[in-house]
Each structure stands twice: as C-alpha cells, then as structure tokens.
Amino acid sequence: MVYIGIDVGGTGIQIGVVDENGRILAKGDTPTMAGRPFEDIIRDMGNCMLNTINEGGFSTSDVAAIGVGVPGLADNQTGTVIFCTNLGWTNVPLRAELQKYLNKPVYIDNDATVAGFAESVCGVSAGCHSSVFMTLGTGVGGGIVIGGRPWSGFHGIGSEIGHIPMDMHGEPCSCGNYGCLERYTSATAIIRMGKQQLLQHPESLMHELCGGDVTKLNAKMVFDAAKEGDPVATKVFNRYADNLAQAIYTIIAFLDPEMIVLGGGVSKAGSFLLNAVRERLPRYLLFKTLPCPTIEIARLGPDAGIIGAAMLGRK
C-alpha cells in the first residue's frame, strides 16, 4: 500500500505518492491560486492527486490513506480546516470535499507539524523518542513529535511556537500581540535588524551585497556579510543567534525533547548558524550539569511537507 501526501502552500500545492518508509515514489503539483472558492482549490487538488497516482503507475486501490499539511489549524475529528490565513479559509470541510475525488481516510495537520513528523520518520530526528521542529522562515512555525506521533495539543494549537512571548512589551506581531518569538528568530527579524544597522552604518558590506538598496536586503545577505567578518553584520548575527538560543531554551525548559531540529530558509546557513547556537545555549540552561537536547539542521528540505503529510495516514 502507498499513501498520498499533500503539502498545501499559499502559492503551490505539492502532492506525492509515498511508501510506508517515507520514500516519495511519484510527485505532482498544481498552483494554489488563493482567493478562489475553496471548492475550486480542492477540485484542483483532487485532480492533481489522481493524475499523480496514475502517472506514477499506481491505482486508487493501492492508496491506503491521504494526509494533508495546511498552513493553519485543523480539526481531525471533523476533517475541517478551522483557520488558514494564506488561503482565506475558515471552517472549510477539506476531508469531505477531497473524498469526492478519492474516498479514502483523510488526515489533516499543520504544515510545520507534518514537516517535523517527516524528520522523525526518515530525517535527522529518526529514532528519537521526542523532537521539536522549528521552521525559521518569514515567521516561525513548530512541530512536536512525542513517542513517534505528532502532537498538536488538545485543541490543535499546541505547536504555535512562533507566538510564545519573549518580550511582553516588544515588537508588535502580526497576530496582534507583542514580543512574539517569531519577531526575534525569523528571517523577517534578521532583515529588520539588518536594515536598522545598515541605515546607521552604510559602510557595511551589507550595503554592497544589496546593491545599495536597503529595501532589497535579505537574511542571506546579512549572514553572508557576517561570514566575511563584517562587524556590523556580525553584530546582527550574534544578536540573532542569542535570540534563537533563548527561544530554544524556552522549549527545553517546558518540554525537554530529545532533539530540536532547525528547518526553514534560515537553517540553510547550516553549521555557521548551528555552531553559534550550540555555543550559546549552555549559558541559558538551568540544569547545566545535566544532558540537554541535541540541536540539528533538518535534512529533508521541501519534501518534508509531502512525506510528513503522507505519514499521518500511516500512523
């Protein structure tokens, strides 16, 4: 038997046929074209799913279940997407609509949760009893896996790591609160801090990397300048690494998982970021003589969404 994994994004929908070990056997995709009625988006999703199954040399009878990762909150009891900002969805009956195209069990969860689940099945955290996955991108998402199963909390909001408050009177967040973790540990945070420093220090290498246009500065430019030893960019990088180490400690103090996995665009900095965070983390630990979770970079990249969604059906 095989499993269908569907990774729903604001721009595109990625679909894969996946075996029980998390290996992708066939892939397909379709544009999301958000803003349309949800029936139209799910229709395209369903048709792409059927085409992917067929083009991969499988039949619908080979499919055991369907898993879907969405950038929002879902209720697996009802199969409803409760809230999905990127698509403008509220209380959308995703399971019922998708089963019109293929009548198989459908499981739905948050996209960061399924990505973290994928890493625990066949990625860097495979074999771990518990892990927390942090997606460091435009915002910060989280995925919690305990005992080999994804954990989204009793009400489905248990992995909203990005909105843990770090500074009650800090930077305003898009969620309406202040000082949320993602305002200090996301790519957006790196860009904000980089722009602030660049306006004060136009001699920084960051100025050259963005072509003299501060509005074009991105997180990679900040990190690249820091790698070259630029003192202004290094200041930004050090502050970011401190913020991330503090955020990781917050997770450790609350949950103490076996491993914390860093994913998303910022994690592409690899060992440059990883070494900095590992160096800083001990200073925040409460029990300094006891073992603490290992910190690693995610391995599966953009395929994690497909794999993790498919594995919802396996579990």
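1. Strand β8 contributes the most to the lining of the second largest pocket, giving 4 residues. Strands here are DSSP runs (E, at least two residues), numbered from the N terminus. Bear in mind that this is a predicted model, where local features need pLDDT of at least 70, side-chain atom pairs count only at pLDDT 80 or more, and totals for chains, interfaces and linings use all residues. Residues are numbered from 1 along each chain as its sequence is written, and side-chain values use heavy atoms, with hydrogens and water left out.

2. How big is that pocket? The second largest pocket has a volume of about 510 Å³. Of its 22 lining residues, Asn76, Ile108, Asp109, Pro150 and Ser152 are the closest to the centre. Two or more lining residues come from each of β5 (73-75), β8 (106-110) and β11 (149-151). A pocket, on a 1 Å grid over the protein atoms alone, is an open set of points where a 1.4 Å probe fits, with protein on both sides within 12 Å along at least five of seven lines; lining residues have an atom within 4 Å of a point. The volume is the space filled by probe spheres set on the points.

3. Pairing takes at least two DSSP bridges between two strands. β4 (residues 63-70) pairs with β1 (residues 2-8) too, in the parallel sense over 6 bridges, and there Tyr3 stands opposite Ala65. Because 7 of the 8 residues of β4 are buried, this strand is largely enclosed by the rest of the structure. Buried means under 20% relative accessible area (1.4 Å probe, protein chains only).

4. Then look at β9 (residues 130-136): 7 of its 7 residues are buried, so β9 is largely enclosed by the rest of the structure. Ser130, Val132, Met134 and Leu136 point one way, while Ser131, Phe133 and Thr135 point the other.

5. What are the partners of β9? β10 (residues 140-146) pairs with β9 in the antiparallel sense over 7 bridges, and a hairpin of 3 residues joins them. Phe133 has Gly143 as its bridge partner in β10. β12 (residues 259-263) pairs with β9 in the parallel sense over 5 bridges, with Met259 the partner of Ser131.

Key: Buried < 20%, exposed > 50% of the residue type's maximum accessible area, 1.4 Å probe, protein only.
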